[in-house]
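Please look over the sequence and the model before starting.

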Amino acid sequence: MKFKLIAGCTLAFTSLCSISQAQQAPATTPPPVSKYDYHDAFAPFFYTKNGSEFRAADGQQGPKYWQNRADYQLAAKLDDQTNEVIGTEVLTYTNNSPQRLSFLWMQLDQNLFKADSRGSAIIPPTGSRNGTGGRAALADAGYKIKSVKMVGAKGAAATDLKYLINDTRMQIFLTPAQIVAANGGQIKLNIEYSYIVPEYGSDRTGYQTTKNGKIYTIAQWYPRMYVYDDVMGWNALPYTGPSEFYLEYGDFDLSITAPANHIVVASGELQNPTEVYTPEQVKRWAEAAKSETTVMIRTADEVTNAASRPAGKKELTWKFKIKNARDASWASSAAFIVDAAKMDLPSGKKSIAISAYPTESNGNDAWGRSTEYVKKSIEYNSQKWFEYPYPAATAVAGSVGGMEYPGIVFCGSRAKKSQLWGVNDHEFGHTWFPMIVGSNERLYGWMDEGFNTFINTLSTADFNKGEYAPKRPTDMQYTGGRLTNPNLEPVMSNPENLKEANNGTLLYFKPGAGLTLLREQILGPERFDYAFKTYIARWAFKHPTPDDFFRTMENASGESLQWFWRGWFVNNWRLDVAVDGVKYINDDPSKGSLISITNMEKMAMPTILEVKYISGKTERLKLPVEIWERNKTFVVKHASTEEIESVTYDPDKVLPDFNPDNNVWKKQ
């Protein structure tokens with residue numbers, strides 16, 4: 001008998017499929033109907049814009065790409081009696097755009113914690129991790145801006161500038177004579193301000209009380225420039241808590257004045273160690289800079305010993321510098337144990353891993369291993385993707401569960417063992433996304449959280465030969481079912497537009513799992529890693545959009561992936577492939593078989609089939625995603641030579657098929 005293929009299925013299989021379905025369900029139940037539409041899945045014109053002179057069609061910058069720059073000189077004083085930060089900011093802003101700027105926008109993130117802020121207004125009665133975390137807003141919360149001045153030429157007096165504060169934003173108005181010129185024009189601002197540190201600030205900043213004093217984790221602590229880019233102009237969105245930040249790059253010069261019994265750690269490299277540490281501690285720092293293992297700088301026994309701090313002063317000023325960074329943060333406490341070890345970077349550049357934590361967090365099953373974790377995480381990612389760019393990496397134990405800043409992260413003081421490895425690895429993984437690759441977190445949180453969640457899977461597998469790696473493979477059929485639940489929004493949603501309960505799934509786990517699928521099942525590790533590294537190298541210290549990522553991955557891997565972006569990121573589509581049945585050529589098992597499969601849902605994926613013969617032998621068939629490019633049902637012609645016992649779709653459960661009930665056909 002000769003067979004004629006119709007949409008990937010034979011005429012003979014029309015009756016076979018019907019018989020198989022009838023055997024699987026009562027006659028009164030209609031057979032399930034496929035929702036798959038290959039015109040939707042593989043539709044052309046995924047990209048709505050062609051390449052431009054600013055952003056090229058292959059995913060890299062165009063010949064006229066530009067971005068602005070913000071350099072900061074920041075001086076702050078911490079009063080640990082009133083919890084007040086008093087600061088002065090000198091900002092040099094460079095306008096590299098082709099447009100003249102007659103006004104500027106700055107972020108006043110501390111205003112989120114005022115009782116009448118937009119962010120406070122949208123917190124539901126059930127509570128939220130945003131805002132003050134259920135604590136009453138301070139009566140005097142938020143920034144107190146004392147002055148905003150334009151610094152003139154050398155010797156000229158500073159000029160007061162008109163400004164307007166609206167919630168978490170400040171607009172600064174410039175006169176015609178003050179307009180910032182295009183293509184390299186600059187303006188220098190001097191801003192004086194203060195604010196009261198909230199005890200809890202959206203789990204990103206605040207303070208914790210320990211038996212030896214408060215631990216201050218200080219972030220969003222100075223007025224920061226909004227980004228002006230070629231995509232939206234001013235990205236002056238209010239800060240309401242759920243989404244994070246989008247910032248310009250520049251150099252930071254920090255001076256932090258704190259009580260003399262405090263130790264201060266911050267983004268960047270300490271410039272004056274001999275002024276703020278004892279001579280013995282300075283020697284220990286020198287030892288740590290050469291040591292592969294952790295060296296104690298200030299031990300638990302020394303925390304309550306006044307001799308572990310320089311004598312003779314009530315306050316000390318700590319000076320730090322970090323270059324080509326998008327932000328800077330710091331922490332201060334009298335309770336800190338401090339330890340450190342050197343990090344081995346591919347180029348041989350010097351950098352050091354540091355941990356600061358209270359005595360309550362000490363111990364080899366807790367923060368006593370933190371520096372080891374920081375060192376190994378950064379060394380792995382530096383070798384794998386892009387070299388760590390900063391002179392120090394400091395992990396601070398405090399009240400913040402986990403938050404990242406350039407060169408410093410805040411992690412929960414109670415974390416231990418695998419949990420502490422996980423949070424240190426994740427927060428320092430953010431060095432690559434978004435500290436190096438500066439995506440817009442306010443709009444596309446998945447481009448930093450999801451990408452970082454993905455690289456964490458590889459660094460965790462590598463650490464100590466898998467000390468904290470999962471003990472069993474991920475069941476993507478189960479996980480995929482949860483990640484494509486119809487009640488979820490698409491990944492390509494503004495974080496502000498997501499149910500708070502869905503943030504973890506859609507910002508972290510689903511995009512992370514998507515990159516694992518792309519690496520392991522679609523491109524393969526070699527092609528994926530090359531394309532992903534190309535994306536990081538192209539957009540290091542720049543501002544990519546989702547299209548820049550999608551285009552780079554396609555061009556660098558040589559693969560059209562628009563069907564994948566469309567199904568996993570842009571839409572919340574599901575995968576469900578059914579094994580319909582088996583037929584033999586000329587009804588003779590020795591002459592080969594025809595295996596029928598149907599795509600029942602909207603998502604397309606490559607196909608993996610395991611064929612088991614009555615002899616017990618098994619074979620694997622791997623079919624490209626293109627079998628679904630013009631078919632709902634596809635018949636696989638297989639050169640089998642004996643009768644088939646069963647056919648199983650996705651036998652290792654590596655694909656996100658949410659309905660395993662139709663994945664196996666068995667000989668009747």
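**Exercise 1.** Which residues are buried in α10?

**Solution.** The model is a predicted one, in which local features need pLDDT of at least 70, side-chain atom pairs count only at pLDDT 80 or more, and totals for chains, interfaces and linings use all residues. Residues are numbered from 1 along each chain as its sequence is written, and side-chain values use heavy atoms, with hydrogens and water left out.

Taking buried as under 20% relative accessible area with a 1.4 Å probe and protein chains only, the buried residues of α10 are Met476, Gln477, Thr479, Gly480, Gly481 and Leu483. Helix α10 (residues 476-483; helices are DSSP runs of H or I with at least four residues, strands runs of E with at least two) is thus mostly covered, with 6 of its 8 residues buried. Their cover includes α11, α14 (562-570) and β33 (644-649), where contact means heavy atoms within 4.5 Å.

**Exercise 2.** Determine how the axes of α9 and α11 are oriented.

**Solution.** With axes fitted to C-alpha atoms over the stretch in contact, and angles running from 0 to 180 degrees between N-to-C directions, the axes of α9 (residues 446-462) and α11 (residues 503-523) come within 7 Å and cross at roughly 55°. The two helices are therefore oblique to each other, the class left once angles under 35 degrees (roughly parallel), over 145 (roughly antiparallel) and 65 to 115 (roughly perpendicular) are set aside.

**Exercise 3.** Identify the contacts of Phe532.

**Solution.** Leaving out residues up to four places away in sequence, Phe532 touches Trp385, Phe433, Phe451, Phe454, Ile455, Leu515, Phe549 and Met553.

Methods:
Buried < 20%, exposed > 50% of the residue type's maximum accessible area, 1.4 Å probe, protein only.
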